[in-house]
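Hi,

Here is the structure I promised to pass on. Have a look at it first, and then read on for what turned up in it.

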Protein chains: 2
Amino acid sequence: MLPPWDSAEPLSGARYSAVELATDGERVFVLDQLALPTEERYRTYADVAGVAHAIRAMEVRGAPAIGITAAYGMALAAAEARGLSSGGYLDRMTAAAEELCATRPTAVNLSWAASLSMRLAREHADADGDARWSEQCQLARGIHRDDVVACRKMGQAGAERIADGSTVLTHCNAGALATGGYGTALGVIRGVRDAGKSVRVIATETRPYLQGARLTAWELSQDGIDVTVISDNMVAHCMAQGQIAAVVVGADRIARNGDVANKIGTYGIACLARQHELPFYVAAPWSTVDQATPTGADIEIEQRDRAELTHIGGRQLVPDEAEVYNPAFDVTPAALISAIFTETGVLSPADVAGGRGT
Amino acid sequence: MLPPWDSAEPLSGARYSAVELATDGERVFVLDQLALPTEERYRTYADVAGVAHAIRAMEVRGAPAIGITAAYGMALAAAEARGLSSGGYLDRMTAAAEELCATRPTAVNLSWAASLSMRLAREHADADGDARWSEQCQLARGIHRDDVVACRKMGQAGAERIADGSTVLTHCNAGALATGGYGTALGVIRGVRDAGKSVRVIATETRPYLQGARLTAWELSQDGIDVTVISDNMVAHCMAQGQIAAVVVGADRIARNGDVANKIGTYGIACLARQHELPFYVAAPWSTVDQATPTGADIEIEQRDRAELTHIGGRQLVPDEAEVYNPAFDVTPAALISAIFTETGVLSPADVAGGRGT
């Protein structure tokens with residue numbers, strides 16, 4: 001299926017996008033990540049309820065990408081509220097923000113995007129409906145554009161640390177599909193390629209949700225970057241065989257002391273990288289650093305449903321009698337992290353802890 | 001489905017068995033491990049071709065279990081050859097041995113069992129058909145019985161190293177389903193329980209073939225042993241959280257220097273155990289020690305089909321354009337192994353290297 005947008009140049013900067021707003025500002029296009037890697041299917045949503053559904057159903061995922069999607073949802077809400085008075089408009093926008101923020105309660109990017117949109121709504125509540133809608137579209141597109149710019153800067157900074165001809169291991173999907181475009185960890189891979197160096201990727205399949213197998217392998221293949229999928233338990237063997245030059249992963253949250261919460265499995269890879277004397281890099285925007293969280297130990301680990309482990313594609317893999325433990329992420333101590341790539345450059349975890357480099 | 005055998009006490013010593021010979025010596029019952037964990041389905045085979053199919057199709061797997069199955073297959077061949085002359089009998093037995101050994105060419109247990117059966121065949125070729133058949137049944141049952149005895153001794157020896165109330169991590173399935181009964185790594189778990197101590201198990205699902213999720217979780221649940229399934233990438237997190245007291249795994253082959261080849265993922269777990277200061281134990285019979293292999297580096301790593309990683313239950317998980325790397329096992333250096341549990345007791349890798357303790 002061809003991408004449905006009417007603009008020749010989607011803001012993602014690629015042939016595909018996790019999310020885009022139509023040029024008329026009336027529809028949001030979401031690449032349904034549940035259908036990947038076998039089908040590239042875009043969903044079209046024309047109202048807030050549809051956009052909220054897309055986030056809740058995880059058709060779009062990845063903290064930056066769902067923040068952008070929420071901003072586009074707020075733009076659709078402004079379109080719906082064109083004929084309303086300033087009071088009606090603010091009520092409608094408030095309800096939309098609440099609906100969008102309730103879809104994935106733990107992602108800070110949702111509430112961040114919604115709060116930017118609400119601030120604008122209060123500023124221009126007295127303007128006419130079309131102007132309010134147009135400004136909300138402009139805000140959302142700006143959030144999208146800024147995210148892609150940040151990813152490109154991060155990628156450029158990180159690329160300097162990756163030598164020509166390297167094979168880089170990555171985990172989960174911190175790519176174009178998780179952001180406005182270009183990606184964080186995969187932005188570094190693209191940065192290496194865009195700097196004229198050759199690069200190969202080994203992608204862990206990333207059980208239980210298989211973001212590596214389904215999404216990272218798909219988007220790198222789309223871009224013509226050589227990618228090999230392994231199961232998560234093959235990492236140590238690949239390292240011992242000398243197949244990996246460096247590790248680059250994304251981050252869900254970075255504590256004030258530089259500890260990094262990321263997809264389950266990240267901490268184990270960091271341990272193995274240290275044992276095999278390989279650099280372990282994190283690529284993440286400054287917005288990921290949570291000053292309200294002193295250390296990794298203060299980060300609550302989300303527990304996910306057992307069905308993610310017990311079933312795949314309708315097939316039961318675990319007997320009903322067995323227990324299942326399914327933490328969604330783990331914490332990598334700052335001491336295991338060689339450097340953090342941000343939009344302001346290459347930082348040490350200590351720099352992040354000290355707030356330096358912003 | 002109820003186990004189909006007519007004897008009240010299968011040689012496995014449990015309610016279920018990977019493989020059993022009917023008391024009349026005319027049929028072999030194989031628990032179809034492809035149907036687990038959702039269905040306990042026994043297949044009945046009355047000839048060598050059927051038994052060879054069961055091994056080839058991996059209805060029965062695990063080196064000791066397929067050795068026993070091959071011995072039972074040879075007994076069925078002797079039944080088929082009852083009316084033949086000594087020359088015809090030896091031809092028939094030789095053909096059966098070749099057919100059985102060709103099913104899984106890399107497993108030494110197959111050729112070991114077949115060669116014991118052939119030696120007996122040559123010794124008693126001139127006896128009458130029923131006597132030859134009866135002696136082959138007796139040999140095969142002896143191989144089965146010896147394997148269970150070895151597992152129980154190994155379990156008893158290993159159990160002394162596991163404290164009451166421990167949670168033990170295991171990988172893949174080195175259990176009753178992979179042996180004549182009781183198991184090697186899971187034999188240690190049963191040994192702990194049989195010594196009157198409480199024990200809990202964390203089982204890695206063991207991608208790509210999911211032996212941990214499907215088989216280990218099933219057999220421990222059957223025995224009422226508390227088991228929790230995790231994905232392979234959760235091991236480090238569980239260790240960091242203090243959830244694991246020790247690791248016990250099986251072995252596919254042990255090199256002369258004590259290096260251990262086992263299911264892919266074992267080496268990574270050994271690295272993580274070292275980093276978290278946890279004991280890492282291997283449970284394996286002396287027959288696993290291969291004096292012809294000087295070190296782990298001399299063990300060729302079998303590469304398996306990409307489909308094991310790309311599809312589960314008909315669902316495609318990896319795009320066609322991506323490469324896949326699928327090594328079946330890895331090598332854990334002797335230096336990372338705290339002790340090896342054998343039927344002669346608890347040994348250090350150095351003991352094994354020196355051939356001490358046999």
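Let's start with one residue in chain B. The side chains of B:Thr342 and B:Thr344 are joined by a polar contact of 2.9 Å. Another polar contact, of 3.3 Å, links the side chain of B:Thr342 to that of B:Trp286. Before you go further, do keep in mind that this is a predicted model.

Where does B:Thr342 sit? You'll find B:Thr342 in strand E16 of chain B, which covers residues 339-342. Buried or exposed? B:Thr342 has 2% relative accessibility, and since buried means under 20%, B:Thr342 counts as buried. If you set aside the neighbours within four places in sequence, B:Thr342 is in contact with B:Lys153, B:Met154, B:Ala157, B:Ala284, B:Trp286 and B:Leu347.

Next, the rings. Over all chains there are 4 aromatic pairs. One of them is A:Tyr16 with A:Trp218, an edge-to-face pair at 5.0 Å centre to centre with 70° between the planes. A:Tyr16 is in the segment before strand E1 (19-21) of chain A, while A:Trp218 is in helix H7 (residues 211-222) of that chain, so this pair ties together parts that are 202 residues apart in sequence. Both A:Tyr16 and A:Trp218 are buried.

Chain B has a pair of its own to look at. The ring centres of B:Tyr16 and B:Trp218 are 5.0 Å apart and the planes meet at 70°, so this pair is edge-to-face. Here too distant parts of the chain are linked: B:Tyr16 comes from the segment before strand E1 (19-21) of chain B and B:Trp218 from helix H7 (residues 211-222) of chain B, 202 residues apart. B:Tyr16 and B:Trp218 are both buried.

While you're looking at rings, chain A has charges sitting over some. A:Arg82 lies over the face of A:Trp133, 4.1 Å from the ring centre. A:Arg132 has its charged end over the ring of A:Tyr89, at 4.0 Å from the centre.

Also in chain A, take a look at helix H6 (residues 185-194). After H6(A) comes A:Gly196, which has a positive phi, near 85°.

Now for where the two chains meet. The contact takes 55 residues from chain A and 55 residues from chain B. Between them the chains bury about 4300 Å², with 65% of that on carbon and sulfur atoms. B:Asn233, B:His237 and B:Tyr325 supply 16% of the area that chain B buries against chain A, more than any other three residues.

There are 2 salt bridges between the chains. A:Glu205 forms a salt bridge with B:Arg207, and the closest N and O atoms are 2.7 Å apart. Across the interface, 24 residue pairs are in polar contact. On the side of chain B that touches chain A, the elements supplying at least two residues each include H7, helix H8 (235-240) and strand E15 (329-332). H9(B) gives the largest share of that side, 6 residues.

Cheers

Terms used. Residues numbered from 1 in each chain as written. Chains lettered and ligands numbered in written order. Predicted model: local features only at pLDDT ≥ 70, side-chain atom pairs only at ≥ 80, totals over all residues. Heavy atoms only, no water. Phe/Tyr/Trp six-rings, centres within 6.5 Å; stacked < 30°, edge-to-face > 60°. Helix = DSSP H or I, 4+ residues; strand = E, 2+ residues; numbered from the N terminus. Buried < 20%, exposed > 50% of the residue type's maximum accessible area, 1.4 Å probe, protein only. Lys NZ or Arg CZ within 6 Å of the ring centre and 35° of its normal. Contact = heavy atoms within 4.5 Å. Buried area = accessible area lost by both parts, 1.4 Å probe. Salt bridge = Lys/Arg side-chain N within 4 Å of Asp/Glu carboxyl O. Polar contact = N/O pair within 3.5 Å; in protein donor to acceptor, adjacent residues only side chain to side chain.
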